[in-house]
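Welcome, and please open your viewer. Shall we take a walk through this model, one selection at a time?

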There are 2 protein chains.
Amino acid sequence: MTLRHPLETKLENCRKKVDKLIEEILETKKPEILYNSAKHIIKAGGKRLRPYLVCKSCEFVGGNPEISLPFAAAMEMLHSFTLIHDDIMDNDNLRRGVQTVHVLWGIPIAVASGDFLFARVYEVISKALKQTVLSEKNVLKCIEKASEAAISICKGQVLDITYPKNESVTEEDYLYMVGGKTSSLFKACAEIGAIVGGGSPKEEEALGKFAWNSGIAFQIMDDILGITANEAKLGKPVGSDLREGKKTLIIIHALKHASPTGKATIEKVLGSDNPKLSEIEEANKVILETGSIAYAKRKAEKYANKARKILESFEDSEAKKDMLEILDYFTTRKY
Amino acid sequence: MTLRHPLETKLENCRKKVDKLIEEILETKKPEILYNSAKHIIKAGGKRLRPYLVCKSCEFVGGNPEISLPFAAAMEMLHSFTLIHDDIMDNDNLRRGVQTVHVLWGIPIAVASGDFLFARVYEVISKALKQTVLSEKNVLKCIEKASEAAISICKGQVLDITYPKNESVTEEDYLYMVGGKTSSLFKACAEIGAIVGGGSPKEEEALGKFAWNSGIAFQIMDDILGITANEAKLGKPVGSDLREGKKTLIIIHALKHASPTGKATIEKVLGSDNPKLSEIEEANKVILETGSIAYAKRKAEKYANKARKILESFEDSEAKKDMLEILDYFTTRKY
């Protein structure tokens with residue numbers, strides 16, 4: 001039996017509230033196929049890290065996290081929109097242990113359901129004005145943050161799908177791509193939480209930077225789990241990143257440091273349509289022997305430490321402890 | 001030589017200004033592929049009816065149309081986003097006489113470039129606050145209008161792609177679908193123009209209704225041209241709607257009123273993967289003989305008249321004349 005990380009219980013509490021709200025927002029109307037496909041990935045699971053970050057940032061600056069719930073729900077919807085479209089782009093069949101939207105309903109409906117979720121994000125945020133004491137100026141700021149994140153995600157995702165064709169992807173390129181694909185949304189969540197909670201510009205900036213660095217640590221660990229975890233825990237087939245030719249930090253490091261034979265073993269699987277399980281295992285063995293996983297872990301720790309440092313100058317509080325716990329969870333989680 | 005409609009010169013003037021602004025907004029940065037694919041359909045042509053509607057509505061309520069230009073550009077970007085994604089969903093290869101984005105760059109990039117344009121819409125609108133005298137409240141209202149339109153477009157598009165599999169689509173269903181797919185964006189453009197121009201709620205509502213009815217007339221005429229115009233004028237292959245099994249008003253009417261033989265002739269082409277040109281011509285002949293095109297024209301006129309009537313109670317002005325000219329153009333245009 002795996003020990004539960006203390007954060008997991010807190011995430012579950014947040015999840016219940018956020019999911020209830022999303023269920024209300026996306027209450028099935030006509031055309032039903034649009035609502036069902038839009039809710040599919042949300043219903044399938046997920047940790048609700050982004051909504052948790054919104055609520056915790058709100059609490060961190062002294063706000064009532066309950067007020068931030070519609071924003072938390074909106075950010076999870078934004079995240080789900082990107083997952084549905086990413087799965088089309090990456091041609092992934094499984095996500096969170098269930099078949100992806102385009103596999104179940106076809107690409108046209110998957111495109112539309114992502115668009116639908118994205119459009120609803122802005123509706124939810126602009127309508128939140130009527131339910132909260134927030135000023136119009138601050139609601140507009142939240143909209144700007146959400147848009148900036150979405151723009152960065154598009155850029156990051158395009159890099160992620162064009163990198164496999166590019167031989168000379170560097171660690172710097174990888175970090176730029178992850179910044180767009182993952183950290184920008186974490187950052188927007190923290191900033192929105194701070195804005196909704198009435199935080200100062202200094203707090204907003206610090207929480208944004210905290211979340212940005214946490215996001216990089218999270219993504220590197222996600223890439224590691226993509227290699228070390230099994231299918232049941234991942235919710236998707238083992239070796240997906242390799243098969244898709246994804247240039248993760250681990251792969252970049254391994255390709256640079258492996259022996260010519262080792263490099264060939266990795267390249268045989270990289271971007272291969274249908275590699276054998278034994279070939280994936282051999283590639284993983286090379287990656288392990290090259291010390292690339294240990295290297296990636298150190299990098300993740302480095303970014304987690306950067307994030308930790310940002311919060312140092314703030315007074316101790318329950319919310320601060322919870323924020324730091326997120327980092328501990330990111331760097332130790334097993335799936 | 002075809003006589004130019006007087007509106008066309010005005011549209012061209014609007015187009016120059018809006019396109020310059022869009023070119024600035026979408027100035028190519030990295031990743032270049034994202035910018036190039038996002039601008040492709042905008043650069044290929046289009047009449048800029050939606051931006052024109054934004055500017056004219058602004059003028060109609062006494063505002064300076066120049067102030068509404070960023071909103072006009074944003075709405076054209078919103079329109080372009082839906083075109084890129086619609087072409088994926090409809091599997092269309094040609095648009096405005098050029099190959100569609102997914103044909104040129106593949107589905108993953110086409111999905112991302114549509115998402116990118118959509119995200120930028122909100123950025124453009126929220127940033128417009130800094131360039132205009134608009135209140136935050138009114139900018140938020142514009143964001144709500146844009147989101148509502150995007151949500152309706154998603155619903156309309158999903159109906160449009162699910163109708164072909166549905167035998168019993170009625171005229172009412174068609175009008176509901178067109179309301180979502182086309183009229184909702186026309187309506188949002190007019191309302192946003194009115195808001196930006198400082199119009200009263202009564203003006204905003206009237207212009208919204210005017211645009212809604214105009215949109216229905218426009219779409220019905222578009223469906224007619226899809227049958228009567230040639231490929232050069234359409235910018236896409238003749239018979240696309242038939243091939244895709246689209247349930248247009250014309251098809252719904254023809255299927256209801258044709259003889260059993262005529263019905264079979266239409267159904268042979270409807271949703272057929274690769275119909276012969278002679279088969280398309282035969283189906284069109286049946287459609288013409290059944291009086292379905294004349295019927296659709298009358299319906300378009302009916303909606304144009306509804307739109308005309310809405311403006312009757314307003315004082316005469318240059319802007320009002322221009323608005324009414326749009327209706328004349330919609331119901332008489334040849335491509």
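## A pair in helix 8 of chain B

Begin by selecting Glu191(B) and Lys187(B): they form a salt bridge, and their closest N and O atoms are 3.4 Å apart. Bear in mind as you look that this is a predicted model. Both residues belong to helix 8 (residues 171-196) of chain B, and because they are four residues apart there, about one helical turn separates them. Now colour by accessibility: Glu191(B) is buried, at a relative accessible area of 6%, whereas Lys187(B), at 27%, counts as partly exposed.

## Another bridge in chain B

Next, select Asp316(B) and Lys320(B), whose side chains meet in a salt bridge with 3.1 Å from N to O.

## Helix 3 against helix 16, chain B

Show helix 3 (residues 49-60) and helix 16 (residues 318-332) of chain B; their axes come within 8 Å and cross at roughly 150 degrees. The cut-off for roughly antiparallel is an angle over 145 degrees, so these two helices of chain B are roughly antiparallel to each other. Helix 3 of chain B passes helix 16 of chain B in a left-handed crossing.

To see the contact, select these side chains:

Sorted by class, the contact of helix 3 with helix 16 of chain B has nine nonpolar, one polar and five charged residues.

## Helix 12 against helix 15, chain B

Move on to helix 12 (residues 249-257) and helix 15 (residues 292-312) of chain B, whose axes come within 9 Å and cross at roughly 135 degrees. Helix 12 and helix 15 of chain B are therefore oblique to each other, and helix 12 of chain B passes helix 15 of chain B in a right-handed crossing.

On the helix 12 side of chain B, pick Leu249(B), Ile250(B), His253(B) and Ala254(B); these meet Ser292(B), Ile293(B), Tyr295(B), Ala296(B) and Lys299(B) in helix 15 of chain B. This contact of helix 12 with helix 15 of chain B has six nonpolar, two polar and one charged residues.

## Over to chain A

Now select Lys145(A) and Glu204(A), which form a salt bridge with the closest N and O atoms 3.3 Å apart. The pair joins distant parts of the chain: Lys145(A) lies in helix 7 (residues 136-162) of chain A and Glu204(A) in helix 9 (residues 201-228) of chain A, 59 residues apart. Lys145(A) is buried, with 14% relative accessible area, and Glu204(A) is also buried, at 11%.

For a network of salt bridges, select Asp90(A), Asp92(A), Asp160(A), Lys181(A), Arg243(A), Glu244(A) and Lys246(A) together. Over all chains, a search of the whole structure finds 68 salt bridges.

## Last stop: Asp328(A)

Finish at Asp328(A), placed in helix 16 (residues 318-332) of chain A and partly exposed, with a relative accessible area of 34%. What does Asp328(A) contact beyond its neighbours within four places in sequence? His5(A) and Arg308(A) are the residues in contact with Asp328(A) there.

Notes
Residues numbered from 1 in each chain as written. Chains lettered and ligands numbered in written order. Predicted model: local features only at pLDDT ≥ 70, side-chain atom pairs only at ≥ 80, totals over all residues. Heavy atoms only, no water. Axes fitted to C-alpha atoms, helices over the stretch in contact; angles between N-to-C directions. Parallel < 35°, antiparallel > 145°, perpendicular 65-115°, else oblique. Left-handed = near helix turned anticlockwise from the far one by under 90°. Contact = heavy atoms within 4.5 Å. Nonpolar A, V, L, I, M, F, W, Y, C, P; charged D, E, K, R; others polar. Salt bridge = Lys/Arg side-chain N within 4 Å of Asp/Glu carboxyl O. Buried < 20%, exposed > 50% of the residue type's maximum accessible area, 1.4 Å probe, protein only.
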